[in-house]
Amino acid sequence: MQSYEDTPLRIGAYEFRSRLIVGTGKYPSMDAMQAAHEASGAEMVTVAIRRIDLGEKGGSLLDYIDRSKMTILPNTAGCFNAREAVATAQLARELLETDLIKLEVIGDTQTLHPDTRETLIAAEQLVADGFTVLPYIGDDPVACAQLEALGCAAVMPLAAPIGSGLGICNPYTIRIIKERAGVPVIVDAGVGTASDAAVAMELGVDALLMNTGIAAAQNPVAMAEAMALATRAGRLAFLSGRMEKRLYANASSPMQGLIGAPTA
Amino acid sequence: MKLEINGEKRELPATEATLDEVLATLGIEAHGVAIACNDRVVRRGEFAQQRIAEGDRIEIVRAVAGG
């Protein structure tokens, strides 16, 4: 039952009904990945770009993605500077025939936090080259505003380190980023379970991108469905406008007409 | 000719070739890969025209699982 019709998620020239974007990494099998993708209801899926092993044979990851249902979002994961990221994006565009790119320039191998300076440099070049750029960035309102000013189609702040599953570590900065942004805000990284997804969406962000939270669950297919439900639940709760919090109780049942109450 | 392919030094018997011919020599299917030659992306339709010469650096990539 879907009683409330949400507006579509618009990223550049693209439109999606689902607000959950999923990955292809770390699944126990290709069958599990395909079933999880189906259960997630996602319409966009990330892939990485790597050198082939010379002499390798065999199937392609792309054989397991139904491109009639899924938009592919290639990433520049593993790049440590703007030059590598731009080169990877250009190869991805030719390989996958898409102008979409998840820009990821890593600055530190242990935290996988982005290199903000190199991300900004790469974003500027990629936007000028006609890409629809979705940058992974810290939960930094200034960097997000700068990326938007450069022409990025969305901003994708982390909520916790990639693959950590720590949840939404700083909901206040995520809220500030969303309040100020004129492009979609997509929480990328940190969501570990369904409640994290709901919390993020209740903050008002436009979408979630997750990989490990689904792929590393004991049952990735069930978790994919849980994430889909939580993403939608959080979105609806945000759109509904939650009640105000109070310090003291406020009874839901009337205080008049109680049995045994003295009559006036 | 000596080439650098995906960071590996390779020596091919031919002294000159097109990119198509290099792929055939290496047994690489053009389907499902993208290629840059000396940091410039070669469009898929241009593999048969792209001349490869001594010392060229070739990058051949594909899509893999990732987040």
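Some ground rules. This is a predicted model, so local features need pLDDT of at least 70 and side-chain atom pairs count only at pLDDT 80 or more, while totals for chains, interfaces and linings use all residues. Residues are numbered from 1 along each chain as its sequence is written, chains are lettered from A and ligands numbered from 1 in the order in which they are written, and side-chain values use heavy atoms, leaving out hydrogens and water.

Let's start inside. A nonpolar core is a set of buried Ala, Val, Leu, Ile, Met, Phe, Trp, Tyr and Cys residues joined through side-chain atoms within 4.5 Å. Buried means under 20% relative accessible area, exposed means over 50%, and partly exposed lies in between, with a 1.4 Å probe and protein chains only. Which residues touch the most other members of the largest core? They are Ile65(A) and Leu208(A), in a core of 68 residues. Helix H2 of chain A, residues 82-96, gives this core its largest share, eight residues. A second, separate core has 20 residues, including Ile52(A), Leu23(B), Ile35(B) and Ile58(B). Helices (H or I, at least four residues) and strands (E, at least two) are DSSP runs, numbered from the N terminus.

Back to Ile65(A). Beyond its neighbours within four places in sequence, Ile65(A) is in contact (heavy atoms within 4.5 Å) with residues including Thr24(A), Met33(A) and Ile72(A).

Now Thr88(A). Thr88(A) lies in helix H2 of chain A. Is Thr88(A) buried or exposed? Its relative accessibility is 14%, so Thr88(A) counts as buried. Setting aside neighbours within four places in sequence, Thr88(A) is in contact with Ile49(A), Asn75(A), Thr76(A) and Cys79(A).

Two strands pair if DSSP finds at least two bridges between them. Strand S1 of chain B, residues 2-5, runs parallel to S7(B), with two bridges. Glu4(B) is the bridge partner of Arg57(B) in that pair. Strand S4 of chain B, residues 34-37, runs antiparallel to S7(B), with four bridges. Here Ile35(B) stands opposite Ile60(B).

Chain A also has an open sheet of three strands, in the order S6-S7-S8, with parallel pairing. S6 (100-103) and S8 (156-157) stand at the edges with a single partner strand each, so one side of each has no neighbour in the sheet. S6(A) pairs with S7(A), residues 132-137, over four bridges. Lys102(A) stands opposite Leu134(A).

Next, two helices. The axes of H3 (residues 116-128) and H4 (residues 141-149) of chain A come within 10 Å and cross at roughly 15 degrees. Those axes are lines fitted to C-alpha atoms over the stretch in contact, with angles from 0 to 180 degrees between N-to-C directions. Which residues make the contact? Among them are Leu120(A) and Ala123(A) of H3(A), and Ala143(A) and Leu147(A) of H4(A).

Last, two loop residues. Most residues other than glycine have a negative phi. Glu97(A) has a positive phi, near 50 degrees. Glu97(A) sits in the loop between H2 and S6 of chain A and is exposed, at 69% relative accessible area. Leu112(A) also has a positive phi, near 55 degrees. Leu112(A) is in the loop between S6 and H3 of chain A. With 28% relative accessibility, Leu112(A) counts as partly exposed.
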